[in-house]
Amino acid sequence: MVVVNFLVFADDTTEDEGETTDGWEEEDEVVEPKIGDGGDGGGVVLQGVPWGEPVLSIAHDALKLFSDDIKLYAFKTTPRGYIYVRLDKLSNEYGCPSMEELESFSQEYKKRLDEAGERGEIPDNLALEVSSPGAERILKVPDDLDRFKDMAMTVSYIEDPESNSTKKTGVFLLDSIEQESCVWKLAEVKENRDPDSKGRPFSRKQKDWRLKLPFDQHRMITLYLEY
């Protein structure tokens with residue numbers, strides 16, 4: 001029998017925990033996120049487990065019952081018998097399915113996993129977690145940027161890769177995407193305001209400021225949340 005845990009990041013600022021079946025014990029692995037890591041960076045990571053491909057195929061089949069705007073963002077299996085699924089909702093501003101949608105998918109996927117386990121096709125003691133990507137999702141350059149172009153993003157980058165320059169971080173809005181480069185402008189957030197400005201709008205200089213960065217000089221981009 002598959003043990004299920006599901007999480008939803010309702011508005012990407014809070015984490016609401018859904019019903020958790022007894023027996024769930026989360027993996028204690030903590031690694032730096034990166035593109036394609038099966039977690040915040042999206043993608044599929046099976047880690048060589050023999051049942052990885054079958055449970056991935058079952059996940060794709062279960063998703064066919066849901067609307068076309070719900071996609072598999074990340075999928076990871078571990079040797080200890082854990083399945084981590086993150087679902088992306090393309091029509092949602094932050095990419096977050098509702099708690100009801102996550103729970104519905106969890107139930108459908110669990111039912112199919114249990115059936116496969118009874119047939120002996122996969123282990124019958126797997127643990128499943130279903131969640132949304134959350135604000136920590138890493139955005140791909142340039143693929144994801146147009147989708148979130150109206151939202152402030154936290155951008156880590158280097159200005160001169162030839163000189164071993166230190167990594168910088170800023171909060172920007174996407175101004176445009178040019179051939180092999182992104183053009184950024186300052187987002188009107190507290191990190192970019194003079195503490196003495198007392199809420200005054202950006203100056204002309206701040207409004208006109210632009211940073212052009214080749215794709216390969218971006219190190220990490222995530223959605224910005226103002227706390």
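The exercises below concern a predicted model and come with worked solutions.

**Exercise 1.** Work out how helices H1 and H2 are oriented where they pack.

*Solution.* Two packed helices are described by the angle between their axes and the distance between the axes. Take H1 as residues 52–63 and H2 as residues 99–118. Their axes lie 10 Å apart, at an angle of about 135 degrees. This angle makes H1 oblique to H2, because angles over 145 degrees would be needed for roughly antiparallel and 65 to 115 for roughly perpendicular. The crossing of H1 past H2 is right-handed.

**Exercise 2.** State which residues form the contact of H1 with H2, and of what kind they are.

*Solution.* On the H1 side, the residues are Val55, Leu56, Ile58, Ala59, Asp61, Ala62 and Leu63. On the H2 side, they meet Phe105, Glu108, Tyr109, Arg112, Leu113 and Ala116. Sorted by kind, these residues give 10 nonpolar, no polar and three charged. Several H2 residues are also buried, including Phe105, Glu108, Tyr109, Leu113 and Ala116.

**Exercise 3.** Compare the span of H2 with the expected one, and say what follows the helix.

*Solution.* H2 has 20 residues, for which 28 Å is expected at 1.5 Å a residue. From first to last C-alpha, H2 reaches 28 Å, close to that expectation. Glycine 120 follows H2 and has a positive phi, near 80 degrees.

**Exercise 4.** Decide whether serine 181 is buried or exposed, and list its contacts.

*Solution.* Serine 181 lies in strand S9, residues 181–186. Its relative accessible area is 9%, so serine 181 is buried, the cut-off being under 20%. Beyond its neighbours within four places in sequence, serine 181 is in contact with Lys212, Leu213, Pro214 and Phe215.

Terms used: Residues are numbered from 1 along each chain as its sequence is written. This is a predicted model: local features need pLDDT of at least 70, side-chain atom pairs count only at pLDDT 80 or more; totals for chains, interfaces and linings use all residues. Side-chain values use heavy atoms; hydrogens and water are left out. Helices (H or I, at least four residues) and strands (E, at least two) are DSSP runs, numbered from the N terminus. Buried means under 20% relative accessible area, exposed over 50%, partly exposed in between (1.4 Å probe, protein chains only). Contact means heavy atoms within 4.5 Å. Axes are lines fitted to C-alpha atoms, for helices over the stretch in contact, and angles run from 0 to 180 degrees between N-to-C directions. Angles under 35 degrees count as roughly parallel, over 145 as roughly antiparallel, 65 to 115 as roughly perpendicular and the rest as oblique. A crossing is left-handed if the near helix is turned anticlockwise from the far one by less than a right angle, and right-handed if clockwise. Ala, Val, Leu, Ile, Met, Phe, Trp, Tyr, Cys and Pro count as nonpolar, Asp, Glu, Lys and Arg as charged, and the others, Gly among them, as polar. The expected span of a helix is 1.5 Å times one less than its number of residues.
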